[in-house]
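Thanks for making time, everyone.

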2 protein chains.
Amino acid sequence: MSNLAVTYELLHRDKKTGARRGVVHTPHGDIQTPVFMPVGTQAAVKAMRPEQVRDMGAEIILSNTYHLYLRPGHELIREAGGLHKFMNWNRAILTDSGGFQVFSLGKLRKITEEGVRFQSHIDGSRHILTPEKAIEIQEALGSDIMMAFDECAPYPADHSYIEDSMLRTCRWLKRCQDAQTSPEKQALFGIMQGGMYEDLRRESAARIVDMDLQGYSIGGLSVGEPKAKMLEVLDYCVDLLPVEKPRYLMGVGTPDYIFEGVERGLDMFDCVEPTRIARHGVAMTSHGRINLKNAKFARDFTPLDEECDCYACRHYTKAYIRHTLKAGELMSAMLLSEHNLHFLIHMMQEMRKAIEEDRFLEYKQEFYEKYGIND
Amino acid sequence: MSNLAVTYELLHRDKKTGARRGVVHTPHGDIQTPVFMPVGTQAAVKAMRPEQVRDMGAEIILSNTYHLYLRPGHELIREAGGLHKFMNWNRAILTDSGGFQVFSLGKLRKITEEGVRFQSHIDGSRHILTPEKAIEIQEALGSDIMMAFDECAPYPADHSYIEDSMLRTCRWLKRCQDAQTSPEKQALFGIMQGGMYEDLRRESAARIVDMDLQGYSIGGLSVGEPKAKMLEVLDYCVDLLPVEKPRYLMGVGTPDYIFEGVERGLDMFDCVEPTRIARHGVAMTSHGRINLKNAKFARDFTPLDEECDCYACRHYTKAYIRHTLKAGELMSAMLLSEHNLHFLIHMMQEMRKAIEEDRFLEYKQEFYEKYGIND
């Protein structure tokens, strides 16, 4: 165990569901799981200082290989002493592989066995991302957890497309593993694909688990399929992954999806939503979302959420935040980002406590009722 | 003295210049002078949390009557418990009267004896600002120092225009004084006008000093005149104001203008520049301004200013700040605003120390040489 960058320790299993309470040990500290990871796409969690992200309890953040490769460049970050030092964040960092971003480029990219050729969304310059390159970049960044270079296949897609894609992703994973130089410093997580096809998910799982990686992720979900379909896939997917390793559900971070994932035994989640909606004036509260643009908040001199003890709720009213939003002051994004990240991190803290006390389902039901989620 | 909101205490006079070291006592704490006041136009110092502004040593900030009257409205801020509470700032606040802003509206405003009719820059709605209204708004805001409603006359302007304008500003000042209800809670500062004409400046001073206000400001400078002309006017203006009251030079806040003002005996300064240039990627350093857009900083892994101990300089490199600037991350405005405000506040701290030790001119010369200001 000690020669691996990342290990998973199971602390407790909820008696009534698959939910599990654990710790992921990393070179930059322990992560209590299940965990929500704030996203700092371009080496900054938007509108937040790192100390603020740390002080609200975040133990790991996510950053993006695609963006940092294009700007400022991974060699520059290597020269800066790595991403932790560059962005002043000394807890754990997970980097995605860039796969998801280049596949999102649509006509600007082309897939071959070698990798993906694409044009930069910034200046149109031409690049190729391969499994080896994705690892080289992530090793330059120095993240604690590197994600394998994969294809996040579209939805809907037919069986043969998904099969080809999944098998290529498995071959790419092997190349990632071969390219990796320091598994004792940086973990490589494999990504299960297979679309909505159970046979392909099973085959994908069998192949990647066989490579004995330090953690696994379920990819290719939340790509446009109905929620019921996603839950159906999750139902059989989670148990295909090894119980002794961390399990990560990529790009899924709204409260209901997190609850469903945790209930099935997943440990890690990320989503840009809390900071993105913050910049549009939306707050997550214990009674659901509110939009501060709404005129009814103009003279509301109460905090965003009476039950919240974040910086924004301790010091500011809805009326003030609405004013700064309408006035175009950066303060509104700063306060709403703080609040929304705090909300999700606090939700995870409560969830972990509930698992420890074997009352995950009760907490889920209580949360859903207040937040207004219909199962 | 004790029934006045604001009083001035002279601590020391520089032996070789007019520079003076003092304290302005206000209902929200003492202000060490000479002082630079950060600007929070719309009830927020741009890209900064109030604690950050406080922790760098700011004892007073400036906010804008015109903007807050239009949005969110002074009655709303009154209901919120006043501006201090609304924006979470418990040190002193100075509010301008809105005069400068409405006069800047050009064709959208019309001056009469009653006041100024104008159209909102936000939605074109029609309003009138009078001396009485300016006081009503500032009393609703609850600032520690209210500025009189005046006309900041244009440059150049002929003697008769400036004379008419100055005399009307004096009549408006009397109306402000009459409208004021609580001089023990909020000070009213008078504003000297008179353009570049010495006879009119003298007459303006005589009239406003006669009204025995709690402080005085020199207005109508830095409106486009050459620097030498401004200094010539300042040379005879400062001594026209009472020595036992605070003296404020409005809207002037670049280092050289502050030094020239302090040398002549002025106590208070404000300027939006440090936060405005921050949003454009410019940092003030002990060796002059630098623009982080410049490619030469791409791999510069040193702080903005080696001599600075602000948050940005302790934790980040030029390369990182340049990256966030190019990537459009709010972080760049956050870090550069912090740095630039800290720079000016630190400069004032050093200046106060120099005055106490009768070496103001030496400090000025040393600063000018390093910063690259030619006298």
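Quick definition before the sheet: I call two strands paired if DSSP finds at least two bridges between them. And keep in mind that this is a predicted model.

So, chain B. We have an open sheet of eight strands here, all parallel pairing, and reading across, the order is β4-β14-β13-β12-β11-β10-β6-β5. β4 (35-37) and β5 (60-63) of chain B are the edge strands; each has a single partner, so one side of each lacks a neighbour in the sheet. On average, neighbouring strands are turned by 25 degrees against each other, ignoring direction. Zooming in on one pair, β10 (residues 145-147) and β11 (residues 187-192) of chain B run parallel, with three bridges. Within that pairing, Met147(B) sits opposite Phe189(B) of β11(B).

Now over to chain A. Which residues does UniProt list under "active site"? Asp96(A) and Asp270(A), and that's from an unreviewed entry.

Asp96(A) first. You'll find it in the loop between β6 (92-95) and α5 (99-103) of chain A. Buried or exposed? Asp96(A) is buried, at 8% relative accessible area. Its side chain makes a polar contact with the side chain of Asn64(A), at 2.7 Å.

Then Asp270(A), which belongs to strand β14 (residues 268-270) of chain A. Asp270(A) is buried too, at 7%. Its side chain reaches the backbone nitrogen of Gly251(A) at 2.8 Å. Beyond its sequence neighbours within four places, the contacts of Asp270(A) include Phe36(A), Leu62(A) and Tyr248(A).

How values were computed: Residues are numbered from 1 along each chain as its sequence is written. Chains are lettered from A and ligands numbered from 1 in the order in which they are written. This is a predicted model: local features need pLDDT of at least 70, side-chain atom pairs count only at pLDDT 80 or more; totals for chains, interfaces and linings use all residues. Side-chain values use heavy atoms; hydrogens and water are left out. Helices (H or I, at least four residues) and strands (E, at least two) are DSSP runs, numbered from the N terminus. Axes are lines fitted to C-alpha atoms, for helices over the stretch in contact, and angles run from 0 to 180 degrees between N-to-C directions. UniProt positions are given in the numbering used here, feature names are shortened, and annotations may be inferred rather than shown by experiment. Buried means under 20% relative accessible area, exposed over 50%, partly exposed in between (1.4 Å probe, protein chains only). A polar contact is a pair of N or O atoms within 3.5 Å; within protein, one must be able to donate a hydrogen and the other to accept it, and residues adjacent in sequence count only if both atoms are side-chain atoms. Contact means heavy atoms within 4.5 Å.
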